[in-house]
There are 2 protein chains.
Amino acid sequence: MPKSSNSDHKKSTVSPPERREELLAIAARVFAAQGYNATTVRKIADAAGMLAGSLYYHFDSKESMLDEILSGFLDELWARYDAVLGAGLGPRETLEALVTESFREIDRHLDAVAIYQKESRHLGTRPHFAYLVESQQKFEKAWLGTLERGVAAKVFRPDLDVRLTYRFVRDTVWVAASWYRPGGRHSPEEIARQYLSMVLEGIALHDS
Amino acid sequence: MPKSSNSDHKKSTVSPPERREELLAIAARVFAAQGYNATTVRKIADAAGMLAGSLYYHFDSKESMLDEILSGFLDELWARYDAVLGAGLGPRETLEALVTESFREIDRHLDAVAIYQKESRHLGTRPHFAYLVESQQKFEKAWLGTLERGVAAKVFRPDLDVRLTYRFVRDTVWVAASWYRPGGRHSPEEIARQYLSMVLEGIALHDS
DNA sequence: CTCCTTCCCTAACAAGTGTTTGGTAGGTTA
DNA sequence: TAACCTACCAAACACTTGTTAGGGAAGGAG
């Protein structure tokens, strides 16, 4: 259930979505660059060309901005993941599709991904952000299942620790958010292809 | 030049090293768990069983604690890296040794590595922490050189973007600090072996 | 005993934090 | 014109932040 944002806030459905999204994008950029805790509401307001208090016309709190950024990102991510997982693909094709979708998501929601990478671990302990660990568990289930299917189908190596492999694949994909910049030389699809080539075939040269 | 800690502080060489190290280990644990900015001096003092002001008998500032943790970690890391790089090994053996040493360093200095992972990017902009980006550049030079040597010697695939491969290998190793726990089922050497097997040979099953 | 050093506490400081309250310019509606 | 809504400002609020100054208990040195 990707439903994660809480809808019982006062102004959460009031102001027109355009300005909200604009301000959220600005906040996400500052959060990603400076870190959530190091980011003051005055910095966000500065970047938006207004005063700190004015933000509270649009949002309930600084934390609700973070909440909206993260849950919005996760909702979209899971929409695409669920589409892949429900397509009835083989294990290798599933893995390739998941990796490709992940890089596309990094391309679209870079700031949100960077924030998620940095803050999700210690945010998950707070009850309000419990959906972060739910998502991570669902994440693990999807990837682990795909890997195990692949081992059973003899398309992945059986001599590797599956859980270690899961973390390996997961991390190699998502840490790319720490250096990837949209509009650079490589498209998300091209990066995905090269990453998949490394993960699947390895970087060593085999004479064949 | 791995010399990175600044030695021109007032009390930096005063109090006996034992208590300093003890307090630094405590501070590192809290920094790693909560993030540097989210960690207050009072939280560190709580964990150490004393009051906030008492920390300033041992350290100049909160930032100097972070500085000492990070520079101490990097000094030790580079001592080991330099030993590997100066051993005259082939490219593949060099890469294997670097990866293994990295996992050993994660095992020994887990908190410092986690802090470095989370904070180094936005700390590097501050002039006092310029040694972080210096280290990162030296890092890149060492890994990139090894990879290029390997391609020239036909032990690594020539069809991969070398810089992408560098980030791939670097990240896959260091993000392990986000889940690795010392004393777990796998020793650092065993994790290094499995990681190297995945990076070098890939996770796909090849009939041979 | 006295002096001195070590290590910590008490108590406060100024600056910065997220947030609230009341107000207001400008446009839309009646 | 009058009433109203939107989107912001101005100014303050209570609280937390890193840091400092002065003091004092414990113990070793003379």
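This section describes a predicted model of chains A and B with DNA strands C and D.

Chain A contains 9 helices and 0 strands. Its elements follow one another along the sequence as α-α-α-α-α-α-α-α-α. Taken along the principal axes, the C-alpha atoms of chain A fill a box of roughly 65 × 35 × 30 Å. Of the 208 residues in chain A, 37% are buried. Among contacts in chain A between residues at least 6 apart in sequence, 68% connect residues that are at least 24 apart.

Helix α5 of chain A covers residues 91–108 and has 18 residues. From its first C-alpha to its last, α5 of chain A reaches 26 Å, close to the 26 Å expected at 1.5 Å a residue. The buried residues in α5(A) are A:Thr94, A:Leu95, A:Leu98, A:Val99, A:Thr100, A:Ser102, A:Phe103, A:Glu105, A:Ile106 and A:Asp107. An α-helix has 3.6 residues a turn, so residues three or four places apart point the same way. The cover over the buried residues of α5(A) includes α4, α6 (110–123), α7 (130–152), α8 (162–174) and α9 (188–201) of chain A.

The largest nonpolar core has 105 residues. Within this core, A:Ile69, A:Ile115, B:Ile69 and B:Ile115 touch the most other members. When residues up to four places away in sequence are not counted, A:Ile115 touches A:Ala28, A:Phe31, A:Ala32, A:Tyr36, A:Ile69 and A:Leu70.

The relation between the two protein chains was examined by superposition. Two copies of a chain are related by a rotation about an axis and a shift along it.

The contact between the chains takes 32 residues from chain A and 32 residues from chain B. On the side of chain B that touches chain A, the elements giving two or more residues are α1 (17–34), α6 (110–123), α8 (162–174) and α9 (188–201) of chain B. Of these, α9(B) gives the most, with 7 residues. By class, this side of chain B has 16 nonpolar, 9 polar and 7 charged residues.

DNA strand D is surrounded by 17 residues, of which A:Met50, A:Gly53, B:Thr40, B:Gly53 and B:Ser61 are the closest. The elements that give two or more residues to the surface near DNA strand D are α2 (41–48) and α4 (62–85) of chain B. This surface divides into 7 nonpolar, 6 polar and 4 charged residues.

Around DNA strand C there are 17 residues, and A:Thr40, A:Gly53, A:Ser61, B:Met50 and B:Gly53 come nearest. At least two residues of the surface near DNA strand C are supplied by each of α2 (41–48) and α4 (62–85) of chain A. The surface near DNA strand C has 7 nonpolar, 6 polar and 4 charged residues.

Individual positions were also considered. B:Ser64 is placed in helix α4 of chain B. B:Ser64 counts as partly exposed because it has 18 C-beta neighbours inside 10 Å. In sequence B:Ser64 and B:His128 are 64 residues apart, and in space they are 10.0 Å apart, C-alpha to C-alpha.

A:Lys154 has a positive phi, near 60°, in a residue other than glycine. This residue is in the loop between α7 and α8 of chain A. With 11 other C-beta atoms within 10 Å, A:Lys154 is exposed. In chain B, B:Lys154 has a positive phi of about 60° and is not a glycine. B:Lys154 is placed in the loop between α7 (130–152) and α8 of chain B. B:Lys154 counts as exposed because it has 11 C-beta neighbours inside 10 Å.

Note on methods. Residues numbered from 1 in each chain as written. Chains lettered and ligands numbered in written order. Predicted model: local features only at pLDDT ≥ 70, side-chain atom pairs only at ≥ 80, totals over all residues. Near = placed C-beta within 6 Å. Helix = DSSP H or I, 4+ residues; strand = E, 2+ residues; numbered from the N terminus. Nonpolar A, V, L, I, M, F, W, Y, C, P; charged D, E, K, R; others polar. Contact = placed C-beta atoms within 7 Å. Expected span 1.5 Å × (residues − 1). Buried ≥ 20, exposed ≤ 12 C-beta atoms within 10 Å, placed from the backbone. Core = buried A, V, L, I, M, F, W, Y, C linked by C-beta atoms within 7 Å.
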